[in-house]
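Here is a short report on how the chains of one structure meet.

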Amino acid sequence: MGLGYLTTIGTFVGIYIILTLSLNIISGYAGQISLGHAAFFGIGAYTSALLTLKAGFSFWLALPAAMIIAGFIGAGVGIISLRIKGDFLAVTTIGINFVIVTVFEYSDFFGGAYGIMGIQYPMLFGLKISKFYYLMLVFFFVVVTAFFCFLISKSWIGLALETIREDEDAAEASGLNCAKFKIIAFAMGCAFAGLGGVLYAHFMRFITPNDFTFPVSITIVAMMVVGGMGTIRGPILGALLMAALPELLRPLANYRLLFYGGLIVFMTRFQPQGLFGENAFIIKKLFGQNLRAAFSKRNRAGGEEI
Amino acid sequence: MTPILRIEDLSKSFGGVKALKTVSLDVGHNEILGLIGPNGAGKTTLFNCVCGVFPPESGRVLLKNKDITRQPTHRIAHLGIGRTFQIVKPFKNLSLERNILASLCKDRTKGLSPIMFGTGLKKHRQEVLRLLNLVGLEEYIDQTPMTLPLGHQKRMEISRALALHPKLLMLDEPFAGLSQEDITPLLQVIKNLRSEGLSILLIEHNIPYVMELCDRLVVLNFGEVLCEGTCEDVQSDSRVIEAYLGS
Amino acid sequence: MLQQVVNGIIIGSLYALIAVGLTMVYGILRILHIAHAAVFVSGAYLGLLVYTYTQSLILALILAAVGCSIFGWLIQRFLYTPLLTEARIVPLIASVGLFILCEDLFRLLGGPYIRAFKVDLWFDKLIFFDTVVTAHQCLIVIGTAACLVSVYFLINRTKLGLAWQATAQDMDTAKAMGINIKQVINFNFIIASSIAAIAGVLTAINYNSVLPTMGSVPAYKMFAIVVLGGLGSIPGTIAAGLIIGMAETIMSAYFGFIMPRDAIAFSAMILILIFRPQGLFGKGV
């Protein structure tokens, strides 16, 4: 295993972390199940590829533009989610994934089944950045995304999203406009999925519709669930674990997928709240109790001193 | 003096079944109005029409002379109607603090401001404690509703509604399913709220508590107002006895 | 045109057969049962195995159904039932994991290549004017009809079936009325899985092939059908299966180059759901 190989794996893991965190805004916080997240990953990748190749944008300009476009289309799904709910929505998002991939695959504008080739590495100060610095760039955006999620979880909007997840009727009766917050959640989540797409496109330098199909969406959902929905550490560690898993299982060669599937079954069956979620075995072992209890105890102790 | 809530000729039907037929009633200042009637009389439907959960077919709802008919539910909550649910709907996995904070969101999520971060939810802990204190739950502030008995959950819902600073509180069967030790504090909470000047519309089946709390009663039957008046008047009305016992 | 209608009905009946099981599982447990496709593929493999040794189609269908019932029951007992109290997405992901595992297992046990499933029937084909109906297509229509009629009788004419209906309406109330929920869930999985097995065998015969990945398209496409049918409604699912089968065949015959088959089902589903969020045959909200 050379250093170059590790950098490549590291970049993929970083992109998966961004994708999982962004899905977590929609599913973990706002409680809207989306099984088509790869579509927005793809929208980000295609937008950036086309903007840099056909419109002459630089990477740094294409990046926010792609995020905005993915966010806007995501808001459209948010509007659909107002009408189609629960499991109907989950299946609809599968459909959206298929339709968007079909658009990529069957229109010449998006390069058809062969995708888009010749996407450039980003330039910094007139120089093409190296693979290692690209990894650093991805890492930087992972931190940005995680920090954004942290801010959400501490803000009023995060609270509003959580109440929608828990009970929409009660949230409305508490004066929260569920429609608005659902759309915001989808827009934010999909914009960050778009960010993941931009980073993917400029790293791979060629993209095909196949990179953004439904199984990719399912992988992202699985990473989130295995890690622990609704937290920040859960999606990060879940993505890290599940993205590294196929590499770790490499010695098993022919039996890789068998073990991969088996581990997903095993982990969801015995740690349904996620390996690093609220009541997870690992967290309990590390902290002696679940995190919330640990924090509230500390708060109370602090309060008594004052 | 204009009433807090005036309902004028409200009608609503579900697939041909008339759930409400031109119902009119007033809730006065600092009054507890009891809404009683047999099951299926349309009491909860009336609540839901007032709160904008579904729109009425005709009629008007006025809150302090302001027409609020067909406004979305969250707007109506902002305008000053707090409600509880027949089957409690707490935010199950959130602490009591966050449950109450949800109702304090209203001024802070307008326009672009939800995107402003770090607006310090923690600063409002004192306000949350005050609101929980009104219903006697301040010691449970860090617990989740699921760890509390039903009576506490119902009081938490009242506290959550109070966080909206409502002009009118609407309680849907607050005593249903409670044991005696939960009922006594709840009665006290409702009495305290009235003495602080709040108007309350109350659906309840437990007639003794209705008699103890309410200033006036409205009896609904088959979606129509059967009669209306003080507790004594209603109690002696032969039509009410007939509606409850069947003729 | 008539030929396309016939082909559409054949595809549609196979879709309906697979999707009926899914809708039954959803109706009771509210789980999106992706691993149903694994049950479907195992049915095809079991059927092929039995047929190769015995040369009896009837025996192949029966043993595949029995084997898959056991498989389905095991999934229910050891994977879904313990996860019922968790968030809905958790059993879904467990199901996906199981599906990945099974697909790889089929590849390891059955080989990564396509195996032929050639069944000779006592006639070859029927020809009405210029429309050809092959013997295999007749078999599929008869098999589907037999399955659906038996499901209808099991659900409407047996005590357990009535209990199933009550549970599908409202599990808590059914429990309170003294219905043995465990029994209903077992019944549900046995029926759903045996129909999936039969669908597997019939599909394999129709295309004269069994391969490890034959379940990957049905795994998700069936959801479009189930949702169109109104999630949990059996007649709705059957109708939706036929409609999608027809639409796909006819559209790909006439404008095949515009859209791939698999996108048709989902585009139709999205369009219809926007106007009827509860599905074509779902109950109004």
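## What counts as contact

Two residues are in contact when heavy atoms lie within 4.5 Å. By that rule, the meeting of chains A and C takes 44 residues from chain C and 36 residues from chain A. The model is predicted.

## Which chains touch

There are 2 pairs of chains in contact, and chains A and C share the most contacts. The other contact joins 30 residues of chain B to 29 residues of chain A.

Where does that leave chain B and chain C? No contact joins chain B and chain C. Their closest C-alpha atoms lie 10 Å apart.

## Chain C against chain A

The size of an interface is often given as the accessible area lost when the parts come together. Chain C and chain A bury about 3500 Å² between them. Carbon and sulfur atoms carry 79% of that area.

Helix α4(C) provides the largest share, 14 residues. By type, this side of chain C divides into 33 nonpolar, 5 polar and 6 charged residues.

## A salt bridge between A and C

Side chains of opposite charge can pair when their charged atoms come close. Over all chains, a search of the whole structure finds 19 salt bridges. How many salt bridges cross the interface of chain C and chain A? The rule finds 1.

The partners are A:Asp87 and C:Arg88. Their side chains meet at 2.6 Å, N to O. A:Asp87 sits in helix α4 (residues 86-106) of chain A. C:Arg88 sits in the loop between α3 and α4 of chain C.

## Chain B against chain A

Chain B and chain A bury about 2700 Å² between them. Of this area, 64% is on carbon and sulfur atoms. The count of salt bridges here is 2. One of them pairs A:Asp169 with B:Lys89, with the closest N and O atoms 2.9 Å apart. The interface of chain B and chain A also has 7 residue pairs in polar contact, both residues at pLDDT 80 or more.

Which elements of chain B give two or more residues to the side that touches chain A? They are α2 (73-79) and α3 (96-104). Helix α3(B) gives the most, with 5 residues. The residues on this side of chain B divide into 13 nonpolar, 9 polar and 8 charged.

## The second largest pocket

The second largest pocket holds about 1000 Å³ of space. Its lining has 37 residues. Nearest the centre lie A:Pro215, A:Thr219, A:Leu257, A:Tyr260 and C:Ile100.

Both chain A and chain C supply elements that give two or more residues to this lining. From chain A come α1 (3-29), α9 (214-227), α10 (233-248) and α11 (256-270). From chain C come α4 (89-110) and α9 (216-228). Helix α9(A) gives the most, with 7 residues. The lining divides into 28 nonpolar, 3 polar and 6 charged residues.

Technical notes:
Residues numbered from 1 in each chain as written. Chains lettered and ligands numbered in written order. Predicted model: local features only at pLDDT ≥ 70, side-chain atom pairs only at ≥ 80, totals over all residues. Heavy atoms only, no water. 1 Å grid on protein atoms, 1.4 Å probe; cavity = no way out; pocket = protein on both sides within 12 Å on 5 of 7 lines; lining within 4 Å. Points joined across faces, edges and corners; volume = space filled by probe spheres on them. Helix = DSSP H or I, 4+ residues; strand = E, 2+ residues; numbered from the N terminus. Nonpolar A, V, L, I, M, F, W, Y, C, P; charged D, E, K, R; others polar. Buried area = accessible area lost by both parts, 1.4 Å probe. Salt bridge = Lys/Arg side-chain N within 4 Å of Asp/Glu carboxyl O. Polar contact = N/O pair within 3.5 Å; in protein donor to acceptor, adjacent residues only side chain to side chain.
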